[in-house]
Amino acid sequence: MEDDALDVALSTSLKAFWNVVKIVGKTMSERKSGTIVQIGTSSALRTKEGFGTLGASQFGLRGLVQVSARELRAHNVHVVLVPIDAPIESDKTQAWVAQLVLEKMVSMDEIARIID
């Protein structure tokens, strides 16, 4: 595990969501409506060996989504975490996925249909 791997994972997952909620959540609270959908992984609940930084960041993200939902509920703003329990098809995951035996890989189009 690289020394900065946890910092990168936390910045990507937690800090990014924090920044979105700060800005978008305030605007939606003022309008008294809105929904924030955060895509995450099932690593928030169970993490495979070798993916400690992902698991830690996703667990933290899950907690931040939950508390954001509670805080914004009074303003009629819904905050939801959609955990994807499969690798998401992308250029970044292709090499990694090629080494695995998978039942299914999820495309970004499938995720968009679920949220829509």
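Student: In which helix of this structure does Ala9 lie?

Tutor: In this predicted model, Ala9 lies in helix α1.

Student: Why is Ala9 called buried?

Tutor: The relative accessibility of Ala9 is 13%. Buried means under 20%, so Ala9 counts as buried at 13%.

Student: What is Ala9 in contact with, leaving aside its neighbours within four places in sequence?

Tutor: With those neighbours left aside, Ala9 is in contact with Leu14, Thr53 and Ser57. Thr53 and Ser57 are among the buried residues of α2. Between Ala9 and Gly52 there are 9.9 Å in space, C-alpha to C-alpha, although these two are 43 residues apart in sequence.

Student: What covers the buried residues of α2?

Tutor: The cover includes α1, β1 and β2. One of the residues concerned is Ser68, which is found in helix α2.

Student: What makes Ser68 a buried residue?

Tutor: Ser68 has a relative accessibility of 5%. The cut-off for buried is under 20%, and therefore Ser68 counts as buried. Not counting residues up to four places away in sequence, Ser68 touches Phe17, Val21 and Val79.

Student: Which residues form the largest nonpolar core?

Tutor: This core has eleven residues: Phe17, Val21, Met28, Ile36, Leu61, Leu64, Val65, Ala69, Leu72, Val77 and Val79. At least two of its residues come from each of α1 (5–31), α2 (52–73) and β2 (77–84). The largest share, five residues, is supplied by α2. A second, separate core of five residues includes Val82, Ile84, Val106 and Ile111.

Student: What does Val79 contact beyond four places in sequence?

Tutor: Val79 is in contact with Phe17, Ile36, Val65, Ser68, Ala69 and Leu72.

Student: How do you know that strands β1 and β2 pair?

Tutor: Eight bridges join β1 (residues 34–41) to β2. Pairing requires at least two bridges, so β1 and β2 pair. The two strands run parallel, and Gly34 stands opposite Val77 in β2.

Student: Why is the unit made by β1, α2 and β2 called right-handed?

Tutor: The name applies because, with the strands pointing away from the viewer, the path from the first strand over the helix to the second runs clockwise. The β-α-β unit of β1, α2 and β2 is right-handed.

How values were computed: Residues numbered from 1 in each chain as written. Predicted model: local features only at pLDDT ≥ 70, side-chain atom pairs only at ≥ 80, totals over all residues. Heavy atoms only, no water. Core = buried A, V, L, I, M, F, W, Y, C linked by side-chain atoms within 4.5 Å. Buried < 20%, exposed > 50% of the residue type's maximum accessible area, 1.4 Å probe, protein only. Helix = DSSP H or I, 4+ residues; strand = E, 2+ residues; numbered from the N terminus. Contact = heavy atoms within 4.5 Å.
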